[in-house]
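Let's walk through this one together, starting with the overall layout and then zooming in on one side chain.

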Amino acid sequence: MSLPVFVHPGPFAGTVTLAGAEGRHAVAVKRIAVGERIMLIDGRGTRAIVTVTATTGKSELVGIVDEVGADNPPSPAVTIVQALPKAERSELAIDLATQAGADAIVPWQAQRCVAKWADKKQQKWEAAALAAAKQSRRTRIPEIHPVVSTRELAELVRGKTAYVLHEEAATPLRDVDLSAEEIILIVGPEGGIGEEELAQLAESGVRSVKLGPEVLRTASAAMVALSAIGALTSRW
């Protein structure tokens, strides 16, 4: 059985203390006790196996570092540009993309998005990414970038290897070049990407690709695409 995971800024050597929100989650929620082993991650690829030696109150534990390791970043790196889903699916989209290995996530205020961006959404997406990274035993937590408009997105992807998922595309994902160091994958809103937006992205070099025979919800499309890329490249 895999060890429970908690986030710690590091460094990992000798004795470490886990406090704050992560300490409360370990002691009060997970009820981690003396003698148990846990995994600490710094969110940037480093992990440590720790044996708990003491707990204090309901928000702090101390442990001895048994071993330290580092995971190489996946190649190619995949950044997901996620059009804002409806409220009930917003955090689900981030949860699924994080579980599937997204390296970074960019919120996109597309023309047909019903949802609107707000500061609290940034916090919710970051919390969803953190929770999903811990649940899936990832050592890297994907960064949630600031929201972009379609114009800003077109500038962001210019000159880069970028693909937009589109149900009417003729080229399947399996037939495009996935050898770049970084791939940007754009997921549109529930109502689909408008023709004007597609044209803007195409002018910046974005290619339209088809993920599969089914039309997926915006919340699950990134996870399925990441799985396909994982199988088609050395990410898996």
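Which domains does the domain assignment of the protein give? Domain 1 covers 5-70 and domain 2 covers 77-232, with bounds taken from an automatic or database domain assignment. Keep in mind that this is a predicted model, where local features need pLDDT of at least 70, side-chain atom pairs count only at pLDDT 80 or more, and totals for chains, interfaces and linings use all residues. Residues are numbered from 1 along each chain as its sequence is written, and side-chain values use heavy atoms, with hydrogens and water left out.

The C-alpha centres of the two domains sit 32 Å apart. Where they meet, 12 residues of domain 1 are in contact (heavy atoms within 4.5 Å) with 7 residues of domain 2. About 750 Å² is buried between them, 63% of it from carbon and sulfur atoms; buried area here is the accessible area (1.4 Å probe) that two parts lose on being put together, summed over both. There's 1 salt bridge between the domains (a side-chain nitrogen of Lys or Arg within 4 Å of a carboxyl oxygen of Asp or Glu).

Now for that side chain. Arg-235 lies in the segment after α6 (218-232); helices are DSSP runs (H or I, at least four residues), numbered from the N terminus. Leaving aside neighbours within four places in sequence, its contacts include Pro-74, Asp-103 and Leu-226. A polar atom of the Arg-235 side chain also lies 2.7 Å from the backbone oxygen of Gly-101.

Conventions. Helix = DSSP H or I, 4+ residues; strand = E, 2+ residues; numbered from the N terminus. Polar contact = N/O pair within 3.5 Å; in protein donor to acceptor, adjacent residues only side chain to side chain.
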